[in-house]
Every structure is written in C-alpha cells, then in structure tokens.
Amino acid sequence: DQVGFELEGAGQFGETDDDRDIAAMMGYGGVIWTLPAEIAGVRPSLTASLYYLSGDDPDTDKEEGWNPLWSRYPQFSELYIYAFDAEKAGYWSNVLYPSVTAAIAFDKSHKVSLSAGVLFAPEETGPGGGDRRGNLFTARYDFPLATALLHRGDRLVGHLLAEMLDPGDYYRVDDRAYFVRGELAYSF
C-alpha cells in the first residue's frame, strides 16, 4: 500500500534516410513511496526516478540518438525542451535525468509537487563540450475550479507550473532560465 514502482523501456531500430542503422534506447524507472499517515485528507508522497534517452555517438556509423517522437514529451520539463536543447528546440534526446519529487495531495482534487534533478548528457556532443546539462527545479499546483457546469459529468480544472534551469558545461551559456505557465482545461 505504501510503495509502488514504475518501469518502462523501449528501443528504436531501422534505417535512416541516408542508410545508417538506427539503434536508440529509452528507459524510465521510478519508486513511489506514499507516506502512511493521512491527516485531514492530506496524502504526501516521495518519488525517486531515473529517465534515460540515448544520444548519438559521433564516433560510430549508427544513429543511436533517441527520436523524440517517442519520448513521452514533455513529461518532465517544458522549459528544457522549448528553450535549452542544443540539437534544436523541442528535441528531447541524449538525456540521463535522476530526480526526486515530493508531492502532497489534498483531498482528490488539489495537488502540490516540487521536483529537483540533474540533467546529464550520455554523449558529450553539446556546444560546451561537457556532459552536465544542468540542474532542473519544478513546482506545480493542480486544482479544481468547478464541476457540473453544463451537465453532471463535466469538470473545469487548472494548474500552475514554474520551472528553473541552471545550465551546466554541456552549453556555452551559464544564465539561469525561468518558465511559468498556467492552464485551464474543461472536460465533458
């Protein structure tokens, strides 16, 4: 009742348009510990996870870089995929990301989560030449706004998201990046 596990793996194989063999890998593993004490509807949890997307080794004839079409995009960071990848904007590949997330669920509708992790590059192919992509911090608040607006089963919910990335030696820049976004969603 208190410990859960998540595990996912995938491979990409085939040929590129220029006849190079594709051999890319993806992996994710996580351990979720839900604390046993539920006080006044508050349910805290801790998650430790590791996310991996292979990068292309420039010393081989193969394409080992994970194609982001299949990488649960943008699961961990919107700031990172939109603003801070060296290959091109939105290209989520060549990543090793260990992280820890602390979350508190209030009843079944409100949830606050804080996450911290370090992004590494398995292949040192970035403009800065290093393997450390940087430190990533996120904060998110999910909340309900209304139910049964037009009929019994509909819901209006929202969330607020804030992120900060302190880039590492994989890049040539060392300026911190910030990202804030809010979203409203209506389901019926």
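This is a predicted model: local features need pLDDT of at least 70, side-chain atom pairs count only at pLDDT 80 or more; totals for chains, interfaces and linings use all residues.
Is Arg181 buried or exposed? With a relative accessibility of 19%, Arg181 counts as buried, because the cut-off for that class is under 20%.

1. Salt bridges in general. The whole structure was searched for salt bridges, and 6 were found. Several of them are described in the next points, together with the accessibility of the residues that form them.

2. Arg181 and Glu183. The partner of Arg181 in a salt bridge is Glu183, with 2.9 Å from N to O. Whereas Arg181 is classed as buried at 19%, Glu183 has a relative accessibility of 36% and is therefore partly exposed.

3. Asp18 and Arg20. A salt bridge links Asp18 to Arg20, and their closest N and O atoms are 3.8 Å apart. Asp18 is exposed, at 54% relative accessibility. Arg20, at 26%, is partly exposed.

4. Asp166 and Arg176. These two side chains also meet in a salt bridge, at 3.9 Å from N to O.

5. Aromatic pairs. The count of aromatic pairs comes to 7. One of them joins Tyr28 and Tyr51 in an edge-to-face arrangement, with 6.3 Å from centre to centre and 65° between the planes. Tyr28 lies in strand E2 (residues 21-34) and Tyr51 in strand E3 (residues 42-53), so this pair connects parts of the chain that are 23 residues apart in sequence. Tyr28 is buried, its relative accessible area being 7%. Tyr51 is buried as well, at 0% relative accessibility.

6. Phe76 is placed in the loop between E3 and helix H1 (78-83), and Tyr97 in strand E4 (residues 95-106), so the pair ties together parts that are 21 residues apart in sequence. Phe76 and Tyr97 are both buried. Together with Tyr28 and Tyr51, they form one aromatic cluster.

7. A charge over a ring. Arg133 and Tyr170 make another kind of contact: the charged end of Arg133 sits over the ring of Tyr170, at 4.1 Å from the ring centre.

8. The largest pocket. Its space amounts to about 640 Å³. The lining has 25 residues, and those closest to the centre of the pocket are Gln75, Phe76, Thr101, Ser113 and Arg140.

9. Where the lining comes from. At least two residues of the lining of the largest pocket are supplied by each of E2, E3, E4, strand E5 (110-120), strand E6 (132-147) and E7. The most is given by E4, with 4 residues. By class, the lining of this pocket divides into 7 nonpolar, 10 polar and 8 charged residues.

10. Positive phi angles. Which residues have a positive phi although they are not glycines? Asn94 is one of them, with a phi of about 60°; Ala148 is another, with a phi of about 55°. Asn94 lies in the loop between H1 and E4, and Ala148 in the loop between E6 and E7. Asn94 is buried, with a relative accessible area of 2%, whereas Ala148 is partly exposed at 44% relative accessibility.

11. Tyr52 is found in strand E3 and is partly exposed, at 30% relative accessibility. Tyr52 and Leu149 are 97 residues apart in sequence, and their C-alpha atoms are 42 Å apart in space.

How values were computed: Residues are numbered from 1 along each chain as its sequence is written. Side-chain values use heavy atoms; hydrogens and water are left out. A salt bridge is a side-chain nitrogen of Lys or Arg within 4 Å of a carboxyl oxygen of Asp or Glu. Buried means under 20% relative accessible area, exposed over 50%, partly exposed in between (1.4 Å probe, protein chains only). Rings of Phe, Tyr and Trp (its six-membered ring) pair if their centres lie within 6.5 Å; planes under 30 degrees apart count as stacked, over 60 as edge-to-face and the rest as tilted. A charge sits over a ring if NZ of Lys or CZ of Arg is within 6 Å of the ring centre and within 35 degrees of the ring normal. On a 1 Å grid over the protein atoms alone, a cavity is a set of points where a 1.4 Å probe fits but cannot get out, and a pocket is an open set with protein on both sides within 12 Å along at least five of seven lines; lining residues have an atom within 4 Å of a point. Grid points are joined across faces, edges and corners, and a volume is the space filled by probe spheres set on the points. Ala, Val, Leu, Ile, Met, Phe, Trp, Tyr, Cys and Pro count as nonpolar, Asp, Glu, Lys and Arg as charged, and the others, Gly among them, as polar.
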